[in-house]
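Biologist: I am new to this structure and would like to go through it with you slowly, one question at a time. Could we look at it together first?

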Amino acid sequence: MATSRHAPAWMAVAWVVWWRSGCFTVGCTETFMRRPLAAVPSRGLLGWKPTKNTERKAVADFSAHAAKLFDNMRGPAALLAGAVVPLGFLAAPKIAKDDPTWLKRVKRMHYVIASIAICCHLTTVVWSTITVNKLNETAPPHVGSLMQLLKQHYELPWIGCNVNFIMGLLAFACLLVTFSLASVTQASYGLVSRPVACTVAAAICLMISIVNDGVSQGDGTAGSGVRFGSNMFFLFGRYISLLAAHAVRGPRPLLLLAFVFAGSAGYFIMKIQTAKDTTDTETATAK
C-alpha cells in the first residue's frame, strides 16, 4: 500500500532528474566542444520536443573586411579630388566686366562649388586613411558581422566617408552645369546649358535614389537588421549629430572651429547671391 501511495511522487522525481540530466548533457557537450549546438531541445511530457533554432551567432574578426571598405572609398575620392582641380580652378572661366549679373554670380559659385567638392573628397581620404591605420594598429573586438563592427565601433568614420564622398560627387556634377554656363557664348545658352543642366539633374536624382536604396537596405536583414538610416538625408543628419556629440564629448577645439568656419562659409555663400554686383555699384556711384 505504501509503495502504491508514493508511486506518483517517485515518478515525478524521476522525470525531473531525467529532464535536468538532458539539459546538463547538452550544456556539457557545448562547453567541451567549444561550439554552440544548433538547437537546445526541451523535454515535454512525452519526450523530446523540437524548439525554435536558438543558435548562438559566431563572432569573428572583421577588421580586414572593414579596411577594404574604407579603401574602396579612398581610391575614388582621391581620383575625383584630382579631377576637380583642372575643372574647377585651372580651366575656370574668368569674370568679365561686360558679363550680366547672373553670369557673374554663376562664375563665382563655380569656384565655391569646386572648393566644396575638393574639400569633401579630401575629407573622405583623411577619414578612410586614418581609420584603416587604426584598424591595422589596434585589435578591434570580435563581432557577429561586418555591419555590427561598423555600427558599434566605426560609425562616425564610416558615415563621414559616405557623406563627404556623396557631397563631393554631387558638387562635382554641379560643376559641369556652372562650367557650361560660364563657358559657352550667350547665343548658345539655350542650346548647350539647358540640356547639360537637365542631364546633370537627372543624374543627381538617380544617384540620390541609388544611395537611398543602399542606406535603407543596411545589411539586408529584414526587421531588426543593422542600418545607419532610412535615406541619404537621414545619413547627413546623423553625420552632423555624431560630429557635434564628438566635439562636445572631449576637448576638441579644432572640431568646434570647423563648425564655426562651416557656418561662416554658408553665410558668405548666401551673400554671393544677395549682394549687388561691385561693378554696378561703382558705376552708380560715379554717376
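Biologist: How far apart do the end C-alpha atoms of residues 231-247 lie?

Modeller: Please keep in mind that this is a predicted model, in which local features need pLDDT of at least 70 and side-chain atom pairs count only at pLDDT 80 or more, while totals for chains, interfaces and linings use all residues. Residues are numbered from 1 along each chain as its sequence is written, and side-chain values use heavy atoms, with hydrogens and water left out. The span 231-247 is 94% helix and 0% strand, and its end C-alpha atoms are separated by 25 Å.

Biologist: Which residues of helix H7 are buried, and where do they sit around the axis?

Modeller: Helices here are DSSP runs (H or I, at least four residues) numbered from the N terminus, and H7 covers residues 232-249. Buried means under 20% relative accessible area, exposed over 50% and partly exposed in between, with a 1.4 Å probe and protein chains only; in H7 the buried residues are Met232, Leu235, Tyr239, Leu242, Leu243 and Ala247. They cover an arc of only 130° around the axis (taken from the directions from the helix axis to the C-beta atoms), which puts them on the same side of H7.

Biologist: Which helices do the buried residues of H7 pack against?

Modeller: The face of H7 turned away from the buried side carries the exposed residues Phe233, Val248 and Arg249. On the buried side, where contact means heavy atoms within 4.5 Å, the partners are helix H3 (101-137), helix H5 (155-183), helix H6 (189-217) and helix H8 (253-274).

Biologist: How many of the residues of H5 are buried?

Modeller: H5 has 29 residues and reaches 42 Å from its first C-alpha to its last, close to the 42 Å expected at 1.5 Å a residue, the expected span being 1.5 Å times one less than the number of residues. The helix is mostly covered, and the number of buried residues is 22 of 29.

Biologist: Which residues does histidine 121 touch, and is its place buried or exposed?

Modeller: Histidine 121 belongs to helix H3, and its relative accessible area of 0% makes it buried. Leaving out residues up to four places away in sequence, histidine 121 touches Ala77, Leu80, Ala81, Val84, Phe165, Gly168 and Leu169.

Biologist: What separates the C-alpha atoms of histidine 110 and threonine 178?

Modeller: Histidine 110 also has its place in helix H3, where it is buried with a relative accessible area of 1%. Its contacts, not counting residues up to four places away in sequence, include Leu175, Thr178 and Phe179. Although histidine 110 and threonine 178 are 68 residues apart along the chain, the separation of their C-alpha atoms is 5.7 Å.

Biologist: How many aromatic pairs does the structure hold, and what is the geometry of phenylalanine 70 and tryptophan 158?

Modeller: Rings of Phe, Tyr and Trp (its six-membered ring) pair if their centres lie within 6.5 Å, with planes under 30 degrees apart counted as stacked, over 60 as edge-to-face and the rest as tilted; the structure holds 3 such pairs. Phenylalanine 70 and tryptophan 158 have centres 5.3 Å apart and planes at 80°, which is edge-to-face. This pair links distant parts of the chain, with phenylalanine 70 in helix H2 (residues 63-90) and tryptophan 158 in helix H5, and both residues are buried. In short, the count is 3 and the geometry is edge-to-face.

Technical notes. Helices (H or I, at least four residues) and strands (E, at least two) are DSSP runs, numbered from the N terminus.
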